[in-house]
Amino acid sequence: MERKIIGLLVLVALLAACNGKSKIEADILIVNGEVYDGIEAMSQSLSIAIKGDTIVWVGHQNDKEVVAVKTIDAKGLIVSPGFIDPHTHATNDLDNSEHSHNKPFLFQGVTTVTVGNDGSSPYPLAEYRDKCQELGVGTNVVTLVGHGTIRKQVMGESDREASKEELVKMQQLMQQELNAGAFGMSTGLFYAPGSYSTTDEVVALAEVVAKNNGIYDTHMRDESTYSIGLIPAVQETIEIGERANIPVHISHIKCLGVDVWKQSDSIIKIVEEAQDKGIHVTANQYPYNASATSLKAAVVPRWAESGGKDSLLIRFNDTGLKSKILEQTQTNIARRGGPEKLLIIQAPDTLLQGKNLLEIAQDLKKKPEEAVFDILKLGYIKIASFNMNPYDIENFMVQPWVVTGSDGGSGHPRKYGTFPYKYRKFVKEDNVLDLASFINQSSSKTAKILKLPKRGTLQEGNYADIIIFDPNAFTDKANYLDAFQLSEGLIYSIINGKLSIEEGEFTEKLNGRMLKK
């Protein structure tokens, strides 16, 4: 009799457990939102519970009893993984106490930024990472090692091939920087001194990165017809990936200038053929029709700047070289679409900002190629270059191996507006992408490329990097004449389980982390 009673009690307990709700304790509970998890093609009506820095539950609201310190009602809002930006120029903001909040990216919905792109990174990286961590950072940070930075440490800015001894030294420095926590290597083969390197040199360093399970990120040797040409530059990138046995990631993929417009079809075919051979090739893209770079990099022949700015000006004042420099500068201006297509967006003389090169040349009563060297004497000049075709922009954007990246630096609206601009123009207005595709290529796909564990998707056990935005109000405000306007429509940003933006306002909390490979 006693045994039957015990058995009955156990049965009752089991039935109660089956019919009852297990209780979850959480710091934050998000309910009633339209949830895109970063993987699926459709949204779901799910609730998300966060405890500490982790997502502890994702499910239907009535499935569990959740006791939360704070509940966010996301009715009418989009809940998404935080965006991950694989290419930024936030380096000098993050180790500056006045700018380490990283608000230009934070208000776009970005919860993780990558720095050290285009072959240029802080050196030594360990010191930079320590300083950022000490100050606190507003977003998570992924660091890369710049090939150009390593080359400068060993060879300066000289235009020559590396010796065997110099190559060994560069490999040692590469390993040193990888040991500091970098996720891979970046190159700026369009820029000096990266442009002076051979493919063999790059492969030798990429092999070191491959042994550390890192990635190869590149501003390719040419995105136009400056040197080897756009398509050969893509082929070189793939060759590096194949020879070094490393995943390659093309930064800000584009067809820059009228000479290469509509070559995107050929590039897509080349990439797909490489992928079929087992070579891991991906790319990021910013959604604007204007690139941004320094005036010097855009129009000055690379050989003329070997050794730096002072060497360039010495050569320019050499009567035997001046005409050659001016002729090649004129060709490069034409390649960019002409002087009227080159807008000054950053200069020591602020009166130059907002003028194009043609207007400045007319003010100086000089030819545009001559005006270039007058204004370069003032210091660093940054330009927006309007030289991309909508056909190529959209063609690249819909490829499954292309993700969103801002290339965000001062003066171009992409630093403040890339992600909401892409949403506004290419999802809402032009219907090039659906919302899920935009979110997935701004989060989970990027996390996979960078090899970021437990980020980029809304799954139990992942870090709680979550954004909530208003689909009707999420938009960019920055433009080419006023590039420093924060985006709007982001209601909440949660980074590592803590609120960074609450009801549209910055919480003044620096919840980011310096991520380490």
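Predicted model: local features only at pLDDT ≥ 70, side-chain atom pairs only at ≥ 80, totals over all residues.
A residue counts as buried here when its relative accessible area is under 20%.

Now its partners. Strand E18, residues 466-469, is joined to E19 by four bridges, and the two run antiparallel. Within that pairing, Ile467 stands opposite Ser493 of E19. Strand E20, residues 498-502, is also joined to E19 by four bridges, again antiparallel. Here Ile495 stands opposite Lys498, which belongs to E20. Between E19 and E20 there are two residues, and the two strands form a hairpin. In the turn, Asn496 has a positive phi of about 50°.

Next, another part of the chain. Strands E14, E16 and E15 form an open sheet, in the order E14-E16-E15, with antiparallel pairing. Which strands are at the edges? They are E14, at 290-294, and E15, at 342-346, and each pairs on one side only. On average, neighbouring strands of this sheet are turned by 30° against each other, with direction ignored. E14 is joined by five bridges to E16, which covers residues 382-386.

On to empty space. Rolling a probe the size of a water molecule over the atoms shows where such space is left. I will take the second largest pocket, which has a volume of about 250 Å³. It is lined by 13 residues, and those closest to its centre are Tyr226, Ser227, Pro301, Arg302 and Trp303. Sorted by class, the lining of this second largest pocket has seven nonpolar, four polar and two charged residues.

Last, the cysteines. How many disulfides does the model have? The count is zero, taking a disulfide as a pair of cysteine sulfur atoms within 2.5 Å. Are Cys132 and Cys255 buried or exposed? Cys132 has a relative accessible area of 0%, so Cys132 is buried. Cys255 comes out at 2%, and therefore counts as buried too.

How values were computed. Residues numbered from 1 in each chain as written. Heavy atoms only, no water. Buried < 20%, exposed > 50% of the residue type's maximum accessible area, 1.4 Å probe, protein only. 1 Å grid on protein atoms, 1.4 Å probe; cavity = no way out; pocket = protein on both sides within 12 Å on 5 of 7 lines; lining within 4 Å. Points joined across faces, edges and corners; volume = space filled by probe spheres on them. Nonpolar A, V, L, I, M, F, W, Y, C, P; charged D, E, K, R; others polar. Pairing = 2+ DSSP bridges. Axes fitted to C-alpha atoms, helices over the stretch in contact; angles between N-to-C directions.
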